[in-house]
Amino acid sequence: MPEAPQNISSAVVVGSSLAEKNKKALQFIEDVTTNADQVQRRVLAEILSRSSHVEYLQRHGLNGRTDSETFKKLLPVVTYEDLQPDINRIANGDTSPIFCVQPISEFLTSSGTSGGERKLMPTIDEELERRSLLYSLLMPVMDQFVPGLEHGKGMYFLFIKSEAKTPCGLVARPVLTSYYKSSHFKDRRPYDPYTNYTSPNETILCPDSYQSMYSQLLCGLCQHKEVLRVGAVFASGFIRAIRFLEKHWTLLCNDIRTGTLNPQITDPSVRNAVSKILKPDPKLADFIEAECSRGTWQGIITRLWPNTKYIDVIVTGTMSQYIPTLDYYSNDLPLVCTMYASSECYFGLNLRPLCKPSEVSYTLIPTMAYFEFLPVHKNNGVSNSISLPTSLNDKEQQELVDLVDVKLGQEYELIVTTYAGLYRYRVGDVLRVAGFKNQAPQFTFVCRKNVVLSIDSDKTDEVELQNATKNAVNHLVPFDASLAEYTSYADTTTIPGHYILYWELRLGGSTPVPPSVFEDCCLTVEESLNSVYRQGRVSDKSIGPLEIKIVEAGTFDKLMDYALSMGASINQYKTPRCVKFVPIVELLNSRVLSTYVSPKCPKWVPGHKQWSTQN
Ligand code: AMP
């Protein structure tokens, strides 16, 4: 039975060369994909046997059985909402083994939300090992296509986000914050040539996003010749860094010229770490100044970091909207999507990292979790609007297939059973089978179910948008105005991107609606959106102020005419609650009467709203 090669995920393999380590990692991928079926059975048996007495499995009558047939017969396929009462028990201090025999070490806060708040994924210490293992496979894969990366540095913009405590004192934070703060990340870095980043740990771990970004860019500029690859987790984050440079390059140049750090950077550990890198370098300052004041930012990445071979960012899923901007800034450097992961579980990696973004597929690594797949039926090409997650009936549950049984070209919803105690959990992602690596399928990421709008890690669904809109239009009632139709658009031409709502009004009264009322509408929509959106607006500044554009009467009829002319069926036509297709956005924009922007940030506090009153 293939096992993770020893030391893949640990710090250094004493006495073994990098080439040997890379070979071992590739062999591991080869082994687990060749024996995917066996590995999956072993993973399920391992999960079920070690947690055989936990409350959740007892409740469903598993009685210590570890075979997949009994498991599939007895365990329901669930969503977060099904698990929430148990998750709340853990958050409130119940330490009995509910889902998993190992103690819950912390909660990972997902960017997926439930009831407007981030979902809470209980995790265990051991999961960090599994995440590290997946990370340790990325560079050996990359090395096959771009050798020599160990001889230079990576300029990665990595950030932590604020954390909160649940009422019982367990930490709740995003998975990457948890990872960057772990010894797996911090202690391994000095020894691993592939994690030789331009950003010192202190700059990544600085909680102030301005100081963190400033110091990471400064260190990246100082070491510009050594940089062989650049990146961030998501495309939106990388573009924000370039935008930051556009705004602050004079300050950065000044620091490089004089060798003294801007006094706005007050965090002592950041100052200390940067002081080891920053030296007076008037020649470099002149070079950066000349490039940044050239009047165009096209190709700025290759101009400032001339040895860069690729940009490492996720541009699959909603992030594909950023590809043109990245191409512009980089003069078409390869965009590399290395992995597919979530708070629930890290899933897999891209074995052909230099392929085009549209061709990216992820190979799920069979040791990470037990995977099942629910076929997605397209309903004759018409997807339901406003669909609420519903439980699966028996027939649907029987349609689930194992990892090695998926069919090429078919779309599936991903279902996971994890070591941390999620059993047959619907992640919410839709994947399409694009090919196979040995026995293991490779998936293109199709979409996140129901998400209509996304700028950064925010995921807004139709129901949230509808409720937020409903709340906002209450402001119009005193003016005898109401909303006839609406749609939305994620505008990423601004940096940061922002949501636009197109509203067609029905006006009854004689008093015009004052601009301040529409601004109140903008803010009410923002206040009504989920906490990940509001955090993006308030804390991360990764989302710009929401805009409402009022369009002429009859605009939505024109939209329908357009859809019909493109072959939509008149019986089935429904106003799309989000638009992406350029001609439709242009049609809407050509009929805008007035535009309003949210006058301030909505409210947001770390953690769940109810915790701040309980703590
Ligand atoms: P979170 O739980 O907040 O970490 O978000 C995880 C979700 O982000 C996944 O379920 C996907 O919807 C999305 N995601 C993660 N990695 C990728 C990727 N490589 N391509 C597209 N979407 C991704």
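Is Arg173 buried or exposed, and at what relative accessibility? The model is predicted.

1. **Arg173.** Arg173 counts as buried, because its relative accessibility is 14% and the cut-off for buried is under 20%. Look for Arg173 in strand 5, which spans residues 171-173. Its side chain has a polar partner: a contact of 2.7 Å joins it to the side chain of Glu106. Glu106 is also one of the residues that Arg173 touches.

2. **The shell around the ligand.** How many residues surround the ligand? There are 15, and the closest are Ser111, Thr316, Met339, Ser343 and Asp429. By class, seven are nonpolar, five are polar and three are charged. Four strands each supply at least two residues of this shell: strand 1 (106-114), strand 9 (339-341), strand 15 (425-437) and strand 16 (440-448). Strand 9 gives the largest share, three residues.

3. Thr316 places a polar side-chain atom 2.6 Å from a nitrogen atom of the ligand. For Tyr362, a polar side-chain atom lies 2.9 Å from a ligand nitrogen atom. Ser343 has a polar side-chain atom 2.7 Å from an oxygen atom of the ligand. On its own, the ligand has 500 Å² of accessible area, and the protein covers 90% of it.

4. **Helix 15.** Which residues of helix 15 are buried? In this helix, residues 323-330, they are Ile323, Leu326, Tyr329 and Ser330. These residues sit on the same side of helix 15, because they cover an arc of only 130° around the axis. The general rule is simple: an α-helix has 3.6 residues a turn, so residues three or four places apart point the same way. Several elements cover the buried residues of helix 15. Among them are helix 11 (235-258) and helix 14 (300-304). Strand 7 (310-314) and strand 8 (335-336) also belong to this cover.

5. **The end of helix 15.** Now follow the backbone out of the helix. Just after helix 15, Asn331 takes a positive phi of about 50°. Asp332 also has a positive phi, about 65°, although it is not a glycine. Asp332 is in the loop between helix 15 and strand 8. Asp332 counts as exposed, because its relative accessibility is 58% and the cut-off for exposed is over 50%.

6. **Asn450.** Asn450 lies in the loop between strand 16 and strand 17 (451-453). With a relative accessible area of 32%, Asn450 is partly exposed.

7. **A cis peptide bond.** Where is Pro496 found? Pro496 is in the loop between strand 19 (481-491) and strand 20 (498-507). The peptide bond from Ile495 to Pro496 is cis, with omega near -5°. Why pick out such backbone features? Most residues other than glycine have a negative phi, and most peptide bonds are trans.

Notes
Residues are numbered from 1 along each chain as its sequence is written. This is a predicted model: local features need pLDDT of at least 70, side-chain atom pairs count only at pLDDT 80 or more; totals for chains, interfaces and linings use all residues. Side-chain values use heavy atoms; hydrogens and water are left out. Buried means under 20% relative accessible area, exposed over 50%, partly exposed in between (1.4 Å probe, protein chains only). The arc is that of the directions from the helix axis to the C-beta atoms. Contact means heavy atoms within 4.5 Å. A polar contact is a pair of N or O atoms within 3.5 Å; within protein, one must be able to donate a hydrogen and the other to accept it, and residues adjacent in sequence count only if both atoms are side-chain atoms. A residue is near a molecule or strand if one of its heavy atoms lies within 4 Å of it. Accessible areas come from the Shrake-Rupley method with a 1.4 Å probe; for residues, only the protein chains shown count as cover. Ala, Val, Leu, Ile, Met, Phe, Trp, Tyr, Cys and Pro count as nonpolar, Asp, Glu, Lys and Arg as charged, and the others, Gly among them, as polar.
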